[in-house]
Amino acid sequence: MSLEFTSSEMMSVTAARALTNDMTCFVGIGLPSEAANLARLTHAPDVTLIYESGTLQTKPDVLPLSIGDGELCESALTTVSVPEMFRYWLQGGHISVGFLGTAQIDRYANLNTTLIGDYREPKVRLPGGGGAPEIATNAHEVFITVKHSKRTFVKDVDFVTTVGFGRDGKARDNVPNIGRGPTVVITDLCILKPDPQTKELVVTSLHPGVTREQVIEATGWEIRFADELATTPEPSAKELEVLRDLKARTNAHHAGQQ
Amino acid sequence: MAEFLSLKEAVSRHISDGDTVAMEGFTHLIPFAAGHEIIRQKKRDLTLIRMTPDLVYDQMIGAGCASKLIFSWGGNPGVGSLHRLRDAVERGWPNKLDILEHSHAAMACAYEAGAAGLPLAVLRGYVGSDLPKVNDQIKFIECPFTGEKLAAVPSVRPDVSVVHAQRADRKGNVLVEGIIGIQKEAVLAAKRSIVTVEEVVDDLGASANACVLPSWAVTAIAEAPKGAKPSYALGYYDRDNAFYKEWDGIARDRDVFQKWLNDNVFENGGA
C-alpha cells in the first residue's frame, strides 16, 4: 500500500533528490532551503550548503526563517563577509548549484521577484532580487522549486529579475563565463526541464496521481510534455519522516522564540 | 580615535537632515536602537542605504525619516512584505519614497569599492536582468584586457554608517562576530560612523583573525545593550522570530503602526 503524502511533501522530496553529495549549493530561503536540508538529512549528508549571509558548509538543525538566522552561523564550517561570499565564492566559480524559488516564472525559466504590474506603478511590490540575479548566472547550474499555479507560471514575466534563458531563450548564447542556467524546475505537480534546443520548459515527469490536464490548467502558456513522460517516484517513508520532523521542530522553534 | 557618546548624543551630533545614511547588519546585529533614536529625533529627508531594509527601515520609513532608499532586497525575511515600505512606494505615505534598486552582489561590491576609496565597482552581474532598465546607476563596461562586458555601479559612500557590534574595549576598538555581513565595509566607506555595542569591556578577547574595527577607523561608539533586538547578537541573545511574524500585522495598518511607534519608540524607548 502506498503512503499518504501531500503535494507539498512530494515537491520537497523531489527537489531534495535533485541534490547529490558532491554538490556545493547556494541556497535560497523558503522551499529551496527546505529541500536542501532534507537532502542533507537523507541521501546527501555531505552536500555543502551555503547561504548568502556568509555561512559556508552550514548544517542547521531547524530551517532558518531568514537568510541569516543564528542557527546557520553556529552550525557552519566558517562564516565570511557578504562581499567575500558574492565575489570569491559565487563569482569566483565555486558554486555548482544555485537553488532558487520565485514569485513568477515564465516559459524560458526567467524569474520575477520584483513586482507585478508596471515598475513605476506596481500592482504588487515584491521584495526584489537579492542574491538571485548573480546566483543564476555565476552558479554552474540552477535548480528552481516553486508551487505550480497560473499566477506563478506565466507566459512572460512582468519583470526579469533573474535570467533563465531570456525572453527569446537565447540570453546565454555567446555570453562568456556564464553558468548553464536552469536545468530543472520542480513543482508540486511535476518536473520540468528546458528543451535542449529552444530552452522552453517542457514537462518531463508527472508526480503520482497528477494528470496532464491539471498541469495544463495550472500553467499560463501552452505547456508541452516530453514524448517519454515519466512518473516521479513517490516519497519513501524515511523521507517523509525526516521532512515532517524537520518541519515540526522548525515550527516549534519559530513560534516559541520570545 | 572613536569618541564614546550616549546614543542620543551620537545621533544628534553625527546625523543631519538630508544625510545619506547606511545602517547595515545582514539579518544579524541590525542597529534597531540607533534606528529608534533617529525616529525620536525626527530626522528627515534621509537617503537610506541598506542591502536588506528589514523592519528597522520599515519603521524609519513609516515614521517619515526617509525620502530615498537604495537597496537590494526589501522584505520581511521569511514572512513577506515590508508594508510601511510598500505604502511609501505605492501610495506616498507618510511621504513619497524614491527607490534605487540593485542586486545583492552589486551592493556588496559597491560597499567594498567605497571602503577601498574607488569611484565604482565592477562585477560580472545583471546578465539578462531588467534591473538595469529601471536603475540608471547600473552601466556596462568592457574589460580593457579581455573585452568581456561587465556591470559597473557607483561605489557607496555614505555620509554616515551605523552598525551594531558585540563589544568595544575601553580604547574604542570594536569586535564583530558571527555573521559579519557588510558592516566593516559600510564603516570604512562612510565619512562618519556610529557603532553601537552590547557592552564595553576591558579586553575584546578577539582571535587573531577576528573582524575588528580599530578605534581610529570609527567616529563614535555608544553602548546600547539589546541594541539589535528583535534581530540578534550572537553570544548575547537570539533573533526574535516571533516578533518578525507579528510585525506583519502591526505594519499592515497605518493606525496600528502609529500606535506601536508611539508606545514602543516615543513613549517607552530610549535611554
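Helices (H or I, at least four residues) and strands (E, at least two) are DSSP runs, numbered from the N terminus. This is a predicted model, where local features need pLDDT of at least 70 and side-chain atom pairs count only at pLDDT 80 or more, while totals for chains, interfaces and linings use all residues. Residues are numbered from 1 along each chain as its sequence is written, chains are lettered from A in the order in which they are written, and side-chain values use heavy atoms, with hydrogens and water left out.

**Exercise 1.** Work out which helix gives the most to the lining of the second largest cavity.

*Solution.* Start with the term: on a 1 Å grid over the protein atoms alone, a cavity is a set of points where a 1.4 Å probe fits but cannot get out, and lining residues have an atom within 4 Å of a point. Grid points are joined across faces, edges and corners, and a volume is the space filled by probe spheres set on the points. This cavity holds about 30 Å³. Next, list its lining: Phe86(A), Arg87(A), Leu90(A), Gln91(A), Glu134(A) and Asn138(A), plus Ala105(B) and Cys109(B). Two or more residues each come from H4 (82–90) and H5 (132–138) of chain A and from H5 (104–115) of chain B.

**Exercise 2.** Describe the lining of the largest cavity by class.

*Solution.* First the volume, which is about 80 Å³. Chain A brings Arg125(A), Leu126(A) and Pro127(A), and among the chain B residues are Phe71(B), Ser81(B) and Ile99(B). Helix H4 (residues 83–91) of chain B gives the most, three residues. Now sort them: Ala, Val, Leu, Ile, Met, Phe, Trp, Tyr, Cys and Pro count as nonpolar, Asp, Glu, Lys and Arg as charged, and the others, Gly among them, as polar. You end up with seven nonpolar, two polar and two charged residues.

**Exercise 3.** Characterise the interface between chain B and chain A.

*Solution.* Begin with contacts (heavy atoms within 4.5 Å): 49 residues of chain B meet 48 of chain A. Then take buried area, the accessible area (1.4 Å probe) that two parts lose on being put together, summed over both. Here that's about 4,100 Å², 58% of it on carbon and sulfur atoms. Finally, count salt bridges (a side-chain nitrogen of Lys or Arg within 4 Å of a carboxyl oxygen of Asp or Glu). One salt bridge joins Arg167(A) to Asp130(B), with the closest N and O atoms 3.3 Å apart.

Notes: 1 Å grid on protein atoms, 1.4 Å probe; cavity = no way out; pocket = protein on both sides within 12 Å on 5 of 7 lines; lining within 4 Å.
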